[in-house]
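Please read it alongside the sequence and the structure shown here.

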Amino acid sequence: MTQKQTAYLRKEGVVKYTCPSNIAIVKYWGKTDIQIPLNPSLSFSLKHSFTQTSVSYFFDSANKGLRFSFYFEQKKNEKFEQKLSVFFDRITDKFSWLNHYNLKIESQNTFPHSSGIASSASSYAALALCLSKIHQQLTGVELSCEEISNLARLGSGSACRSVFGGWNTWGEFTQKKSSNLHASHLHEHLHASFADIQDTILIVSKDKKEVSSTAGHQLMENHPYKNGRIQQANKNLVTLIEVLKNGDWNGFIEVAESEALSLHALMMSSTPSYTLLLPNSIKIVQLIREFREQNKIPVCFTIDAGPNIHVLYPARNKKEVNEFIQNDLLPYCDDKNFINDELGTGPTEIN
Ligand code: DP6
C-alpha cells in the first residue's frame, strides 16, 4: 500500500447535494480545447428545477483505477456512465483518491427528463459539489466555489454557472474580472425586479432533440459568423450587466430576445444546418411580442438549444402574465405542459 492510500482520512461515507439548473440570457455557444467558451455568457440559477445527487464511496485496497456506477432515477444508466467516464478522465489527476475508492452515484431531477431544461448543467454541478466534499472528507482540503465551478465545467460548460445561486457570468470579457475556467457570481447590487425574475418554461415538445448542444458547439468552429457572434455576445454582456443594475426591462428584453433568436440563427446557418424551433415555438414568440406591445407589460422570452420557450417577467406582473400564459400560450404546448420557475439561491448540501 502506498503512502497516499494510507493517508486518506476515511474509509467510506455518503454525500448528497441538490443543485439547480440555470438559464442563460447571454448564451455560451461554441468552445475550444477542453470546455473553454468562445464567448462569455450570463445566466441565472433556477429554484425549482434541480438535480439531487448522492455519492457513496468506500475504500477498496484492490482498486487500481476508477470504479463507479451511475443510477438515474433508481435505474442503472450505462449510457450516462460512458459520458461520465470522459469527465472522470479529466479530473483523476486532481483527485487521485478516485483510483482507490468505489463510487455509487445516484441522481434524480425534479423536472421531466426531456423538458428542455438543461439537466447536464444541474447534474454535473451537483456531482462536482459531491466530489469536492468527498475530497475534503478524505484529504482535509476544502475547495473554493471557483474550484468547484471549474470542475463542473469539465463535465458540461453551462454546469459551471450552476454552482452559484443568483446571476453569474462565465468567460473572459473586457470590463470585468471573469474567467474562462469557472463562473463568477455577480456581486453588484442588482435591481429588485431582476432579483425576483420569474421563468415559466413552456414545453412545446418533449421529443429528444435532433442535434445535441455538444455537436452544436462544434459547428461554431468553422461557422461563417463566428467572429461576429463573439463580438455580439461580448457587447450584449456589457449591456446586460448595466441593465441588471438599473432595472431597465426594455434593455433586458432587447438583449434576451436577440440572444435567443441569434442562437437559433447560428444553428440554421451552420454546415450542416439544422432547426430546433417548431411552428408552435414561433407562434408563442409572436404572441409574447403582441401581448407586450398591447399591455405594456415587461415580458419576454429566451430559448435554449431546443423548441421550448422560457417566458421571463418580474414577480410584480405574475398575475397578468400567468393569465396570458394559461389562456393564450398553453394551447401551443405539448399537452399544455409547463413548469413555473424563478430565480433561486443555489445548491444545498443535504445531511
Ligand atoms: C444553449 O453546456 O449543454 O444552453 O459544454 O457541451 O455540455 P456542453 O454544452 P452545454 O451548452 C449549453 C448551451 C446553451 C447556452 C447556455 O447555457 O449558455
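**Overall build**

The chain contains ten helices and 14 strands, where helices (H or I, at least four residues) and strands (E, at least two) are DSSP runs numbered from the N terminus. The radius of gyration, taken over C-alpha atoms, is 21 Å, close to the 20 Å that the globule rule gives for 351 residues, so the chain is as compact as a globular protein of that length; the rule itself is 2.2 Å times the number of residues to the power 0.38. This is a predicted model, in which local features need pLDDT of at least 70 and side-chain atom pairs count only at pLDDT 80 or more, whereas totals for chains, interfaces and linings use all residues. Residues are numbered from 1 along each chain as its sequence is written, and side-chain values use heavy atoms, with hydrogens and water left out.

**Extent, burial and contacts**

- Taken along the principal axes, the C-alpha atoms of the chain fill a box of roughly 75 × 45 × 40 Å.
- Of the 351 residues, 57% count as buried, meaning under 20% relative accessible area with a 1.4 Å probe and protein chains only.
- Among contacts (heavy atoms within 4.5 Å) with a separation of 6 or more, 76% join residues 24 or more positions apart.

**Second largest pocket**

- Lining the second largest pocket are Trp249, Asn250, Ile253, Arg289, Arg292, Glu293, Lys296, Ile297 and Pro298, a lining residue having an atom within 4 Å of a point of the pocket, which is an open set on a 1 Å grid over the protein atoms alone where a 1.4 Å probe fits, with protein on both sides within 12 Å along at least five of seven lines.
- The elements that give two or more residues to this lining are α8 (249-268) and α9 (279-295).

Notes. Buried < 20%, exposed > 50% of the residue type's maximum accessible area, 1.4 Å probe, protein only.
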